[in-house]
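Subject: Structure handover and notes

Dear colleague,

I am passing on the structure that follows, together with some notes on what was found in it. Please read them alongside the coordinates.

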Amino acid sequence: MRKMVLNADVQGALAEIRTADIVVGIPSFNNARTIGHVVRAVKAGLAKYFPDRRCVIVNSDGGSTDATTDIVLNTQIHDYQTILVQHPLFPIHKISTPYDGIPGKGSAFRTIFRIAEELQAEACAVLDADLRSVTPEWVELLIRPVLDGNFDYVAPFYLRHKFDGTITNSIVHPLTRALYGKRIRQPIGGDFGFSGTLASFFLSQDVWESDVARFGIDIWMTTVAICEGFRVCQTFLGAKIHDPKDPGADLEAMLTQVVGSLFDLMETYHFRWKTIAGSEVVPLFGFQFETGVDSVSVNIERMVNHFMRGLFDLSNIWASLISPKHMRWLRTISDPGPGPFHFPDELWVGVIYDLAVSYHQRVMNREHILQSLAPLYMGKVASFVTDNISATPAAVEDGIEKLCRAFEEQKPHLIERW
Amino acid sequence: MAPFLELRNHIVNILPNVFMMLVILSTGIATGLILRHVLLRLFRFIRFNEAAYNFGFSAALFKANFNQTPSMLVSNIVYGLVLVLTLLMGLTAINVSVTSAVLTRFFGWIPNVMISVFILVTGYLLSKFTGRSVLLTAVNAEVPSARLISFAVQVLIMVFAVAVSLEQLGIAKNTIIAAFSILFGGLVLSLSIAFGLGGRDLAKEFLERRVKRSDGYTEHPFSHL
């Protein structure tokens, strides 16, 4: 594995700074609209909660053509008193550098890990550059469990609309929980805290020329932290409001990337998840609260039609990937009679496990296996929305808990067939 | 008496060659049988039948009324080729000049046959893979008639592969080229007219959806991740 070399400007800055207690990384690409607010929130958070610590903010940029890097370097808090914060004891340094490697968030993180390692940082955090709801408190919530709680990895816990995060709710969270035995509610949240030790461990792994560098970094970090025996926890951050990364982002691409990363990690850590049964609670820090729920108008009929079209056009492909019992069940649910469309949890779990096994056994081209999941996912989302249209957030969480238990109960079948 | 003596001499002269031919034939048959047995074992070890099933070969054979498994079919083809080769070599042993000429042409033709088979197999695999890619993309893009589009793509690729394969074999070269050009050109023209006139509204709706997405409009009012 090629060791990462930092550019001369960064090396010069690091020689001047020498060491740091805390490094906060902000990966970016054309985020001029929002990054100023993020940098101000981080600076305020570091000044308010860690005034006696040496802190560095690192912006790892993917070649922005707007003024992102200039904004990072020029953003200041002119009057700390108006935000009820004292001046920090040590100046908060800022480094903005283009990252090296394959374009993607993972490569950006690698640069941040490298700088944290050079500075021998004790605690680190990474925040998205397009956050609009970030506050100074987020810095404390991500860093404090590492510094004072002796945790190595802090996953975020956001307050979300009950229909938000359907890929997380229906696949990533229950599958990660069932496989690795840890109940991390949002494994791919995007904003994390971690120790300097864990950052060095991430850096030592030979994944930086793979899909991890492109789009799989979030789930990879969470899975590695759990499977390699690091102490993990969660922290409640409140609502996450950010600029949509790409309003035209293709659902198929999102699903393919996330589920592909999950299935690849299953192969890497099969020796671990095969020995785990059940799951345990992961400590959650932060003051939890709830807010009112806005109603949204969802086109359920269109999602059901997408599923039906998949069943009609892709049944030959699905039959190669999914067990005959689950195929028959899929055909049964396609005709719900007078009642609403319903996609049972047990069937969904069976389908996901069937696809994971097919992916592992390379029954067909892996990209095709992942693409074939999209209509099934739309069917599950349609059923989820239908079942929870009038439900409270607490009731929705109960439903997700029920789904998680179904994943855990069917795990022995997955192990048998793997 | 002399003709009988001449016949006897001729038979005596040719006997060693006939004996040689029989040795070659029996060796060839034995080699063919051993090779078929080895291939069957090898195909079982590498799970060739499962791979052929996944690539759709088994289904294609079933539709063509071949009741043999793919591994048996390939092994039998190899066995047959060895037998034919052995027969020709055996006939060469008895010094029949026509046979020598046929043998020379046969050996010269084998590379073309192999390339032609390779083109057909590659074309078939490519058509299945591309057809499946098109089908999945069309279904996920909610394009109607996804199966028809996928089938059309597969047919186009196979027609192209068959045309190139026949051209490689040198069978009715000019006819094949002309027929392919007319068929392919006509098909493209028909599709252009059909989609251009008949699919205007569909194309408009599809493009409108793409433009709306790039303007920040999202089809779903919630975030999937």
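How much space lies in the second largest pocket? Before the answer, please bear in mind that this is a predicted model, so every value below is computed from the predicted atoms.

The second largest pocket holds about 960 Å³ of space. Its lining consists of 24 residues, and those closest to its centre are Val74(B), Ile77(B), Leu81(B), Val117(B) and Val121(B). Four elements of chain B each give two or more residues to this lining, namely helix H2 (48–55), helix H3 (57–63), helix H4 (70–93) and helix H5 (97–140). Among the contributors, H5(B) gives the most, with nine residues.

Chain B as a whole

The secondary structure of chain B comes to eight helices and zero strands, and when it is read along the sequence the pattern is α-α-α-α-α-α-α-α. Of its 225 residues, 22% count as buried. If one takes the contacts in chain B between residues at least 6 apart in sequence, 62% of them join residues at least 24 apart.

Leu91(B) has its place in helix H4 of chain B, where a relative accessibility of 29% makes it partly exposed. Its C-alpha atom is separated by 18 Å from that of Thr31(B), a residue 60 positions away along the chain.

Arg47(B), which is found in the loop between helix H1 (2–45) and H2, has a positive phi near 55° although it is a residue other than glycine. Glu142(B), found in the loop between H5 and helix H6 (146–169) of chain B, is likewise not a glycine and has a positive phi of about 55°. As to accessibility, Arg47(B) counts as exposed because its relative accessibility is 54%, and the cut-off is over 50%, whereas Glu142(B), with a relative accessible area of 22%, is partly exposed.

Helices of chain A

Helix H4 of chain A covers residues 105–118, and its 14 residues reach 20 Å from the first C-alpha to the last, close to the 20 Å expected at 1.5 Å a residue. Is this helix enclosed by the rest of the structure or open to the outside? Eleven of the 14 residues of H4(A) are buried, so the helix is largely enclosed by the rest of the structure. The buried residues of H4(A) are Gly106(A), Ser107(A), Ala108(A), Phe109(A), Arg110(A), Thr111(A), Ile112(A), Phe113(A), Arg114(A), Ile115(A) and Ala116(A). The helix is followed by Gln120(A), whose phi is positive, near 55°.

Helix H11 of chain A, residues 300–313, also has 14 residues, and from its first C-alpha to its last it reaches 20 Å, close to the 20 Å expected at 1.5 Å a residue. In H11(A) the buried residues are Met303(A), Val304(A), His306(A), Phe307(A), Gly310(A), Leu311(A) and Asp313(A). When reading such a list, recall that an α-helix has 3.6 residues a turn, so residues three or four places apart point the same way.

Thr168(A) and its surroundings

Thr168(A) lies in helix H6 (residues 166–180) of chain A, and at 3% relative accessibility this threonine counts as buried. What is Thr168(A) in contact with, leaving aside its neighbours within four places in sequence? Its partners in chain A are His173(A), Pro174(A), Arg185(A), Gln186(A), Pro187(A) and Ile188(A), and it is also in contact with His224(B) and Leu225(B) of chain B.

Cysteines

A search of the whole structure finds zero disulfides over all chains.

With kind regards

Note on methods. Residues numbered from 1 in each chain as written. Chains lettered and ligands numbered in written order. Predicted model: local features only at pLDDT ≥ 70, side-chain atom pairs only at ≥ 80, totals over all residues. Heavy atoms only, no water. 1 Å grid on protein atoms, 1.4 Å probe; cavity = no way out; pocket = protein on both sides within 12 Å on 5 of 7 lines; lining within 4 Å. Points joined across faces, edges and corners; volume = space filled by probe spheres on them. Disulfide = S-S within 2.5 Å. Buried < 20%, exposed > 50% of the residue type's maximum accessible area, 1.4 Å probe, protein only. Contact = heavy atoms within 4.5 Å. Expected span 1.5 Å × (residues − 1).
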